[in-house]
Amino acid sequence: MTKLLAHCGLLFVSASFSLWNVAGALFLRRGLDPIVLATYREVGTAMCLTTASIMVRAGRRPEWSWPTVRESFLLLMCGAFGVFGLQYFFILGLQLASADEAALMQPLTPVIVLFLGVMLGEERVALCAEENSVRHASFQKLAGVAASVGGCVLISVNSAFSGGPNHATGLLYLLLSDFSCAAFILTQKPLFAAGHSPLVVITIACAIGATCMSIAAVSVHPPMTAWVLSPVEVLVVAFVVLICGAANYALLTWANALVEGTVVTLYGLLQPIFTALLSFVIEGETLASITLVGGALILFGVFLTSTSEIVLTMPSPDLHCRLLSHGQLRERNPAPHG
């Protein structure tokens, strides 16, 4: 039941981010500075999450234990590279490349998470298993990732592909944004395993990310008038901070503690279909049939990968194969002594 709620939370995150893709684009075209918006978002999100952490733990015995050097490094990576890098590199990439190119780079994220997750022992793929159910589940997981990525590519290439004069540099920034998203997902896993609360982890990470974003904003020197918001822009920033910032970060981190990182990132691929549906409703844009086909493929891939996780994470006393787990190959059924 808890995992089902986690999947529902990921659907909400994808839908709300898609709403921001539509509404945010409208306001950015009206002159709202993207660096200013990102700074307001990260600082406001950090403040909201800090307040939530204090309220949740009010009257309780402190459960926080000081992190080790390794855990401190993971928190720094999650905040500086995962939270800040994800937003900053994406903004830089979008300024130099087209939105279509950004959409085409998005499907790389779950592939990067799966590859790095297997290398780091956080994702389970057992293609060599002697037990048919485990071997089939591993192939099912890879097929699910392929189906979701294919669906997202179908939706993306449906738009006109256009590159600016500096689009190669823009693509590099977008690739760094994908790796930042992978860092955000994978650096949290060892922290959860060490017993740290998801809310505390994301609160610290967002505080680090907000600090980095503030430093970046000062270095860019946007004009002072850019920081003055109209009443409508204040409402937009409030929505971004409360929903796309605090709520979505908290839900993402909570769900990441319950399901595999590949599944978390696959839900992000639903954003193009949600964005297309919302653009159809809000702006009256044409909804292409290929968008519906791509969305169906993404949903099918998410289903395949999510159900394969049940088998791959199920302990089996009869399993006699080698699994890539925690960075080394381990025998699940060692030979009896004597």
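The legends below describe close-up views of a predicted model.

**View 1. Overall make-up of the chain.** In this predicted model, the chain is built from 13 helices and two strands. Of its 338 residues, 45% count as buried. Among the contacts in the chain with a separation of 6 or more, 86% are accounted for by residues 24 or more positions apart.

**View 2. The crossing of helices α2 and α10.** Helix α2, which covers residues 34–56, packs against α10 at an angle of about 55 degrees, and their axes are 8 Å apart. The crossing in which α2 passes α10 is right-handed. The residues of the contact of α2 with α10 divide into twelve nonpolar, three polar and two charged. On the α2 side the contact includes Leu 37, Tyr 40, Arg 41, Glu 42 and Cys 48, while the α10 side includes Val 237, Val 241, Cys 244, Tyr 249 and Ala 250.

**View 3. The crossing of helices α9 and α10.** The axes of α9 (residues 198–220) and α10 (residues 231–256) come within 9 Å and cross at roughly 130 degrees, and these helices are therefore also oblique to each other. As α9 passes α10, the crossing is right-handed. Here Pro 198, Ile 202 and Cys 206 in α9 meet Tyr 249, Thr 253 and Trp 254 in α10. The residues of this contact divide into five nonpolar, one polar and no charged.

**View 4. Ala 250 on helix α10.** Ala 250 has its place in helix α10, and is among the α10 residues that meet α2. With a relative accessibility of 26%, Ala 250 counts as partly exposed, because the cut-off for a buried residue is under 20% and that for an exposed one is over 50%. Ala 250 and Val 201 are 49 residues apart in sequence, and their C-alpha atoms are 9.5 Å apart in space.

**View 5. The nonpolar cores and Leu 252.** The largest nonpolar core has 46 residues, and those with the most contacts inside it are Leu 10, Phe 184, Ile 202, Tyr 249 and Leu 252. Helix α10 gives the largest share of this core, nine residues. A second, separate core of nine residues includes Ile 35, Phe 84, Tyr 88 and Ala 217. Leaving aside neighbours within four places in sequence, Leu 252 is in contact with Leu 10, Val 13, Phe 17, Phe 184 and Val 264. In soluble globular proteins, nonpolar side chains tend to be buried together.

View 6. Helix α11 is mostly covered, as eight of its eight residues are buried; among them are Gly 261, Val 263, Val 264, Leu 266 and Tyr 267. Thr 262 lies in this helix, which covers residues 261–268, and is buried, with a relative accessible area of 0%. When neighbours within four places in sequence are left aside, Thr 262 is in contact with Pro 110, Val 113, Leu 114, Glu 123, Lys 141, Val 145 and Thr 305. Val 264, also buried in α11, is one of the residues in contact with Leu 252.

Terms used:
Residues are numbered from 1 along each chain as its sequence is written. This is a predicted model: local features need pLDDT of at least 70, side-chain atom pairs count only at pLDDT 80 or more; totals for chains, interfaces and linings use all residues. Side-chain values use heavy atoms; hydrogens and water are left out. Helices (H or I, at least four residues) and strands (E, at least two) are DSSP runs, numbered from the N terminus. Buried means under 20% relative accessible area, exposed over 50%, partly exposed in between (1.4 Å probe, protein chains only). Contact means heavy atoms within 4.5 Å. Axes are lines fitted to C-alpha atoms, for helices over the stretch in contact, and angles run from 0 to 180 degrees between N-to-C directions. Angles under 35 degrees count as roughly parallel, over 145 as roughly antiparallel, 65 to 115 as roughly perpendicular and the rest as oblique. A crossing is left-handed if the near helix is turned anticlockwise from the far one by less than a right angle, and right-handed if clockwise. Ala, Val, Leu, Ile, Met, Phe, Trp, Tyr, Cys and Pro count as nonpolar, Asp, Glu, Lys and Arg as charged, and the others, Gly among them, as polar. A nonpolar core is a set of buried Ala, Val, Leu, Ile, Met, Phe, Trp, Tyr and Cys residues joined through side-chain atoms within 4.5 Å.
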